[in-house]
Amino acid sequence: ILMLTPSPTRFVAAVSSASTAIFTTITFALACYAVPMAGPYCPFENECIQYPYVDSISHRFPRDYLWMIFAIPQLIVYLIMMVSLQSLAPAEKKVYGTIALVFATIATTILV
């Protein structure tokens, strides 16, 4: 349980946790907005792009990749949150925090 006394580490943990939630919500909403407009998963029958996808880039390019703009800072803020949470862990549980931090670093490195 975190003590209620203020410290820079707790402040970073709180801000990065809130930022992770905000970035995740925005990224998820934009990813849902970027549904495929071709192939069997096209939700709009009369607006689907047919093969060969010659003019698909001019119609869809900005919308398909908007979510990635928010996904990269989301991962960076997530890594900051994991570092701050690992430093707040009690001494007897630091090994679990370090394991989580290592996996968070691996995931961030792969995805960014």
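## Overall architecture

The protein comprises 3 helices and 0 strands, where helices (H or I, at least four residues) and strands (E, at least two) are DSSP runs numbered from the N terminus. Starting at the N terminus, the elements follow the order α-α-α.

This is a predicted model, in which local features need pLDDT of at least 70 and side-chain atom pairs count only at pLDDT 80 or more, while totals for chains, interfaces and linings use all residues. Residues are numbered from 1 along each chain as its sequence is written, and side-chain values use heavy atoms, with hydrogens and water left out.

## Surface and contacts

The accessible surface of the protein is about 8,200 Å², and carbon and sulfur atoms account for 74% of that area; the areas come from the Shrake-Rupley method with a 1.4 Å probe, and for residues only the protein chains shown count as cover. Of the 112 residues in the protein, 21% are buried, that is, under 20% relative accessible area (1.4 Å probe, protein chains only).

Contact denotes heavy atoms within 4.5 Å. Among contacts between residues at least 6 apart in sequence, 63% join residues at least 24 apart.

## Helix α1

Helix α1 covers residues 8-33, and its 26 residues should span 38 Å at 1.5 Å a residue; the expected span is 1.5 Å times one less than the number of residues. The end C-alpha atoms of α1 are 37 Å apart, which agrees.

Buried residues in α1 include A13, S16, T20 and T27.

## Residue T20

T20 lies in helix α1 and is buried, with a relative accessible area of 11%. Apart from neighbours within four places in sequence, T20 is in contact with V77, Y78 and M81.

Key: Buried < 20%, exposed > 50% of the residue type's maximum accessible area, 1.4 Å probe, protein only.
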